[in-house]
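Student: I would like to go through this model with you, one question at a time. Could you show it to me?

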Amino acid sequence: MNQYQLPSQEKKPEYVRQNFDGIAKAYDRFNDWNSFFLHRKWKDWVVRKALEAVPNAKSALDLCCGTGDITSRLSKHPNLETVVGLDFSEQMLSYAFPKVEGKQVNLIVGDAMDLKQFADGSFDIVTMGFGLRNVSDLRLCLKEIKRVLKEGGVYVNLDVGRVRPRFLKVFADFYFFKIVPLFGYLLYGKQNEMFDYLPHSSKTYPDQETLKTILEEVGFTNVWFQNFVFGNAVAHVAKKAN
Ligand SMILES: C[S@@+](CC[C@H](N)C(=O)[O-])C[C@H]1O[C@@H](n2cnc3c(N)ncnc32)[C@H](O)[C@@H]1O
């Protein structure tokens, strides 16, 4: 591991926003390289499972939408009349606009921990890709998500997980903490600590079983998760009860 230090909880939101603004131009290719393009399949899975969980869904909110990968996938579904992508980094959002051109999608600047612009029960589906580990108060964010979901709605969260077999974890950690930042520096053109932040932010993020418990504690039901590549990434599916 290198000497990178995570920002304090207090400084985290501004640190995360400013730094995502800074790396936005390299972000999509960084994801392709560090996941060997697999993140595209995982994002397809997120949208497919959300729509399977709520077959008559009419509205979807993609939080921490960044460059709009999940938002654009949602926008292709003809039954979804309302699709909103929300992120607090304007630069990340600027790369989302071309992906949803010609589609009925609202891309808005906002804070995933304070969704005051949305009334209770506004959406059938809420998705989030690699966003939850970046918010400074995970439980507060999950409570907001539950509030804006309709009864019977679903939340699908994709993020990093813990690799379980010990011998694989050693390789996964070496790859994640040592190699992944190098991809970032190469694509960005020089060193940028955000590419160290991204793997290091997983250290304070709950493992898959703990996140399932937290989702249940917040009041979601029928919570389950799907590991990808031995738990390197994981998607949680959580319902808001009727
Ligand atoms: C790792 S990127 C993920 C982007 C996209 N969802 C994806 O899967 O490729 C995380 C995004 O979360 C956004 N973000 C982090 N905290 C946020 C918050 N509190 N409110 C809104 N956006 C936030 C960042 O600006 C960044 O665009």
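Tutor: Here are some questions and answers on the fold, the ligand shell and a few residues.
This is a predicted model, in which local features need pLDDT of at least 70 and side-chain atom pairs count only at pLDDT 80 or more, while totals for chains, interfaces and linings use all residues. Residues are numbered from 1 along each chain as its sequence is written.

Student: How many helices and strands are in the protein chain?
Tutor: Helices (H or I, at least four residues) and strands (E, at least two) are DSSP runs, numbered from the N terminus. Counted that way, the protein chain has eight helices and seven strands.

Student: Which radius of gyration does the protein chain have, and why does it agree with a compact globule?
Tutor: The radius is taken over C-alpha atoms, and the globule rule is 2.2 Å times the number of residues to the power 0.38. For 242 residues, a compact globule would be near 18 Å, so the chain agrees with its value of 17 Å.

Student: What share of the residues of the protein chain counts as buried?
Tutor: A residue is buried if 20 or more other C-beta atoms lie within 10 Å of its own, exposed if 12 or fewer, and partly exposed in between, with C-beta atoms placed from the backbone. Among the 242 residues, the buried share is 39%.

Student: Which element supplies the largest share of the shell around the ligand?
Tutor: The ligand is surrounded by 22 residues, where a residue is near if its C-beta atom, placed from the backbone, lies within 6 Å. Helices α1 (12-34) and α3 (69-75) each supply at least two residues of that shell. The largest share, five residues, comes from α1.

Student: Which residues does the UniProt annotation "binding site" cover?
Tutor: The annotation comes from an unreviewed UniProt entry. Its positions are given in the numbering used here, feature names are shortened, and annotations may be inferred rather than shown by experiment.

Student: Is Thr-67 buried or exposed?
Tutor: Thr-67 sits in the loop between β1 (59-63) and α3. Beyond four places in sequence, Thr-67 touches residues including Ala-24, Tyr-27 and Asp-28, a contact being two C-beta atoms, placed from the backbone, within 7 Å. Because Thr-67 has 25 C-beta neighbours inside 10 Å, it counts as buried.

Student: What separates the C-alpha atoms of Leu-158 and Trp-42?
Tutor: Leu-158 is part of strand β5 (residues 149-160). Not counting residues up to four places away in sequence, Leu-158 touches Trp-42 and Val-46, among others. Although Leu-158 and Trp-42 are 116 residues apart along the chain, their C-alpha atoms are separated by 7.8 Å.

Student: Is Gly-22 buried or partly exposed?
Tutor: Gly-22 lies in helix α1. Not counting residues up to four places away in sequence, Gly-22 touches Asn-192 and Met-194. With 15 other C-beta atoms within 10 Å, Gly-22 is partly exposed.
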